[in-house]
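Student: I am new to this structure. Please pick one part of it and take me through that part closely.

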Amino acid sequence: AVLMVPNMGAWLPNYRLRSATRDIVSTMRVAQMRAVSTNMDYRVQITGGSYVLQRNTMGWTDDGGTQTLPTGVTINSNTFSGNNPLFSPNSSSNGGRLVLENTKKTQRTITVLPSTGRISIQ
């Protein structure tokens, strides 16, 4: 157990970064699918170190609970209009990039294409 503790310290920041990236992408994909299935605009509102799925019903309404980024993971850059990835009923998006960074300065970039709404991780 003593030998594993130092290794966990080096491994944990990268695990948290991968986990946060997957969680945000998953929320974006849910937003896209719900936009298509309900014929309403959906977005992922990103505020500081948290994000929440929202639908547009005569104003933005939360559709689920607010999620918080893990300790040590921050948003380095956000190029989405209004900082919020928006998905339309035709599956398109406002397009942009979200860059997450951990305490070791490792980065993951989430990219959403505007015309198709395709979400990818680099």
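**The open sheet and what lies around it**

Tutor: Glu101 stands opposite Gln107 in E8. The model is predicted, so local features need pLDDT of at least 70 and side-chain atom pairs count only at pLDDT 80 or more, while totals for chains, interfaces and linings use all residues. Residues are numbered from 1 along each chain as its sequence is written, and side-chain values use heavy atoms, with hydrogens and water left out.

Two strands count as paired if DSSP finds at least two bridges between them.

These strands belong to an open sheet of four, in the order E5-E7-E8-E9, with antiparallel pairing. Strand E5 (74–78) and strand E9 (119–121) are at the edges with a single partner strand each, so one side of each has no neighbour in the sheet. On average, neighbouring strands here are turned by 20° against each other, direction ignored. Axes for such angles are lines fitted to C-alpha atoms (for helices, over the stretch in contact), and angles run from 0 to 180 degrees between N-to-C directions.

Now E7 itself. Five of its six residues are buried, so E7 is largely enclosed by the rest of the structure. Buried means under 20% relative accessible area, exposed means over 50%, and partly exposed lies in between (1.4 Å probe, protein chains only). In the hairpin of E7 and E8, five residues lie between the strands, and Lys105 takes a positive phi near 70°.

Thr111 counts as buried because its relative accessibility is 9%. Its side chain makes a polar contact of 3.2 Å with that of Arg97. A polar contact is a pair of N or O atoms within 3.5 Å; within protein, one must be able to donate a hydrogen and the other to accept it, and residues adjacent in sequence count only if both atoms are side-chain atoms. Leaving out residues up to four places away in sequence, Thr111 touches Gly96, Arg97, Arg118, Ile119, Ser120 and Gln122, where contact means heavy atoms within 4.5 Å.

E7 and E8 also supply the core. A nonpolar core is a set of buried Ala, Val, Leu, Ile, Met, Phe, Trp, Tyr and Cys residues joined through side-chain atoms within 4.5 Å. The largest one has 21 residues, and among those with the most contacts inside it are Leu98, Leu100, Ile110 and Ile24. E7 and E8 are among the elements giving two or more residues to this core, along with H1, strand E1 (42–47) and strand E2 (50–56). H1 gives the most, seven residues. Beyond its neighbours within four places in sequence, Ile24 is in contact with Tyr51, Leu69, Leu98, Leu100 and Ile110.
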